[in-house]
Amino acid sequence: MEVCDGCSDIDGLPVDVQRQENLTLIGVAECNGTLVLEHYRCDKCRAVIARQFTGDSDERVWSVIEASP
Ligand SMILES: [Zn+2]
């Protein structure tokens, strides 16, 4: 369950922080035409990272949701 430095750095940051480096967009979720969530996979450590655009301010963050074993 190790994530690379880039992933551990971005975990918990607000979604307006841009980080596209080494991340591949693997899926998005929309609700009524509004972007709700993006999922990325890290090219370095293969972790899956979510970027959530809705909810309270403490929910609109980047979060590492699945680290590679
Ligand atoms: Zn990573």
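**D11 and its contacts**

I started at D11. Leaving aside neighbours within four places in sequence, D11 is in contact with W62, S63 and V64; contact here means that C-beta atoms, placed from the backbone, lie within 7 Å. This is a predicted model, so I kept the cut-offs in mind: local features need pLDDT of at least 70, side-chain atom pairs count only at pLDDT 80 or more, and totals for chains, interfaces and linings use all residues. Residues are numbered from 1 along each chain as its sequence is written.

Where does D11 lie? I found D11 in the loop between α1 and β1. Helices (H or I, at least four residues) and strands (E, at least two) are DSSP runs, numbered from the N terminus.

I also checked how exposed D11 is. D11 is partly exposed, with 15 other C-beta atoms within 10 Å. The scale: buried takes 20 or more other C-beta atoms within 10 Å of a residue's own, exposed takes 12 or fewer, and partly exposed is in between, with C-beta atoms placed from the backbone.

Next I looked up D11 and I49. They are 38 residues apart along the chain, and their C-alpha atoms are separated by 8.3 Å.

**The chain as a whole**

Along the principal axes, the C-alpha atoms fill a box of roughly 35 × 20 × 20 Å. I get 14% of the 69 residues counting as buried. Of the contacts between residues at least 6 apart in sequence, 40% join residues at least 24 apart.

**The sheet**

What is the strand order of the open sheet? I read it as β1-β2-β3-β4, four strands with antiparallel pairing. Two strands pair if DSSP finds at least two bridges between them. At the edges I have β1 (23-31) and β4 (62-66), each pairing on one side only. The twist averages 25° from one strand to the next; axes are lines fitted to C-alpha atoms, for helices over the stretch in contact, and angles run from 0 to 180 degrees between N-to-C directions. A reminder to myself: strands of a sheet pair through backbone hydrogen bonds, either parallel or antiparallel.

I then went through the pairs.

- β1 and β2 pair antiparallel over eight bridges. I noted T24 with R41 as its bridge partner in β2, and E30 opposite L35 in β2.
- β2 and β3 are antiparallel too, joined by five bridges. L37 has Q52 in β3 as its bridge partner.
- β3 (residues 48-52) and β4 run antiparallel, joined by four bridges. A50 stands opposite S63 in β4, and S63 is also one of the contacts of D11.

**Turns and positive phi**

Most residues other than glycine have a negative phi, and most peptide bonds are trans. I went looking for exceptions in phi.

N32 is in the turn of the β1-β2 hairpin, which has two residues between the strands, and its phi is positive at about 55°. R46 is in the turn of the β2-β3 hairpin, where five residues separate the strands, with a positive phi of about 70°. R46 is partly exposed, with 14 other C-beta atoms within 10 Å.

N22 is not a glycine either, yet has a positive phi of about 65°. I placed N22 in the loop between α1 and β1. N22 counts as partly exposed, with 14 C-beta neighbours inside 10 Å.

**The core**

Which residues make up the largest nonpolar core? I listed nine: V3, C7, I10, L23, Y40, C42, A47, I49 and W62. α1 (5-10) and β2 (34-42) each supply at least two residues of this core. By definition, a nonpolar core is a set of buried Ala, Val, Leu, Ile, Met, Phe, Trp, Tyr and Cys residues joined through C-beta atoms within 7 Å.

I finished on V3. Setting aside neighbours within four places in sequence, V3 is in contact with S8, C45, A47, V64 and A67.

Methods:
Contact = placed C-beta atoms within 7 Å.
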